[in-house]
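Good morning, colleagues. Please take a moment with the sequence and the structure before I turn to the pocket and the fold.

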Amino acid sequence: MSEPSVAAAPAPSARIDDIDPPWPARPAIMAGVCALAGVIFHNLVERDNAEALAAFVAVATIAFVLTAEQRRLHWAMLFAAGWGAVIALIVENNRGYSVNGSPFEWPFWSGLLAVAVAAPLFQGWRDEAVSARDWRLTRLSYARLHLHGWTDAVIGAAAGAFVGIAFALAFLIAGLFDLIGIRAISELLREGWFAWGLAGAAFGGAVGLLRERDRLVGNLQRLVTVVLSVLAPVLAVALALFLVSLLGTGFTRLWASGFSTAGLMLGASAFAVLLANAVIGNGVEDRATNPLLRWAAPVLAAIVLPLAAIAFYAMHLRVLQYGWTPERLWGFVAVVIALAYGLAGLWAVVRGRRDFDDELRPLQLKLAIGLMLLATFLALPIMDFGAISTRDQLARLESGQVKPEKFDWAAMAFDFGPEGREALKRLARSANKDFADPAQVALASDDRWALGYGNEQAPQVMRPIEKMVRVLPADRPLTKEMYERLRDNGMCRRSTCIVRWQSDTKVAIIGRFRADAAIEVQWLELDAKTRRWQNRFNPPVATRDGEGPPQAKLDNASVTTRQVVLEQLVVDGQPVGDPYPRP
């Protein structure tokens, strides 16, 4: 009699969450989606004015592959498409905001932060919501939010590393075939569409493989948090000693250190929040049991507030001294976020003491939602930091708090957006020449470097070109075309230069490129065919090595000519090298 057959036991699931069944086709599907997106992205970046569409494709694709599950797949599609559209709107608005500006300014990075925070929030809501209309915050589980956040980060980083490995392998294979004269693979790798398609396929395939085995990823995430948590006592002791030391040294050395005090404090605050969360884990059962770690976590949570307060005061002093700029406004937002996390941490420690994490987790859930909403609001073209900065800087200029020669005309022209340019147009029409002249120069400049940005001669650069040039003889004027040529000349943009008529078809330009540099000579010649003035940058005869022109003041220096006897080396009757003055 034959024995009854025994049903094969189902293979154990590799998913971290049993509500998500295995999806064997996921790696192939995600690789195909990302490969197609990579080719489309390449074609878009090769076109003019297609940055917004390229940003939509990139953000929507990455958001989809990181959050998609078979369960409620259309929710992930809508989530990815929605955030892709938001980032595309931000990029499109940034593209025309500042002259010569990049679409990828602070609002863009704020939008990406919003997407990064929104992804685990969406995943947690998708897991718990009864239906698409169920928006109750009570449905959000901190444990799921924390788990999804760390898992997404680990999977994204691992997939990025896999892309690098895939390219290294592709170049290795191409090199092998190159050895035998087959260059098809090498030529494909040089094609932009193929490279982006390969990168997309590698990234999507890696995400698909890792997501199908996210239980292993969860173990890796816990390993990462364990390693990070070991650093918590080190940072806690260091920050506590730093704050105690400030009581003895005072705050003066912070402002005179030469470093960005606000930036350092914000960086320390971010590390404190990160390591404190590594210690407390997803929940009570996941928190560290080592007593040293258990004491370090509340110290880090409580110490964020004084660090954020120091950053706030440093930012306050900077604004009082130099006024608001878009960068300082974004820094102020970062300080406010740090203060919010600091207040939450201190409140949790006071209420819960060693079990402070029970109080902190729900607060951090609310802070994450608030951070996503704030980052989205600031990224959209609703709050114009350029307009705020323009009004503040104009008030400082018109009140005399800052002198015209110290005013940042380059920032007004190139960093503050349409409001900055409009303010310059109003100043250019002013009866006050101290305002009108530099405003006109700033409006006429093609880039900030033409305004002497970062150069010690910047105040002189802000004078019109006609006031930067001294013509000899004085009764022989220059044409408009000649002034256009001189405007492009570095010697006449950064300091006073002399233009001396040598003949009807040649003028000498005498000046220096830096305040401490030697005087140089360049030439402007009238082309016989085109009848246009051309720059001739090389003088016909070079001076001897080691001899430089005098450090004269060109505003009133005399200029004459003298005859020079030249010599030239001859080898076997053939001249060698340039002629040089006789010693």
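How do the residues of the lining of the largest pocket divide into nonpolar, polar and charged? They divide into 39 nonpolar, 9 polar and 2 charged; here Ala, Val, Leu, Ile, Met, Phe, Trp, Tyr, Cys and Pro count as nonpolar, Asp, Glu, Lys and Arg as charged, and the others, Gly among them, as polar.

This is a predicted model, with local features requiring pLDDT of at least 70, side-chain atom pairs counted only at pLDDT 80 or more, and totals for chains, interfaces and linings using all residues. Residues are numbered from 1 along each chain as its sequence is written, and side-chain values use heavy atoms, without hydrogens and water.

To return to the lining, α4 (106-128) provides its largest share, 11 residues. Other elements that give two or more residues include α13 (326-352) and α14 (356-379). Helices (H or I, at least four residues) and strands (E, at least two) are DSSP runs, numbered from the N terminus. The protein chain has 22 helices and 7 strands in total.

Buried residues, meaning those under 20% relative accessible area with a 1.4 Å probe and protein chains only, make up 44% of the 583 residues.

Finally, confidence: pLDDT, the predictor's confidence in each residue from 0 to 100, averages 83 over the protein chain, and 88% of the residues score at least 70. Over residues 5-11 pLDDT stays under 50, and the model has 0 contacts there beyond four places in sequence, a contact being heavy atoms within 4.5 Å. Residues 540-548 also stay under 50, with 7 such contacts.

Conventions: Buried < 20%, exposed > 50% of the residue type's maximum accessible area, 1.4 Å probe, protein only.
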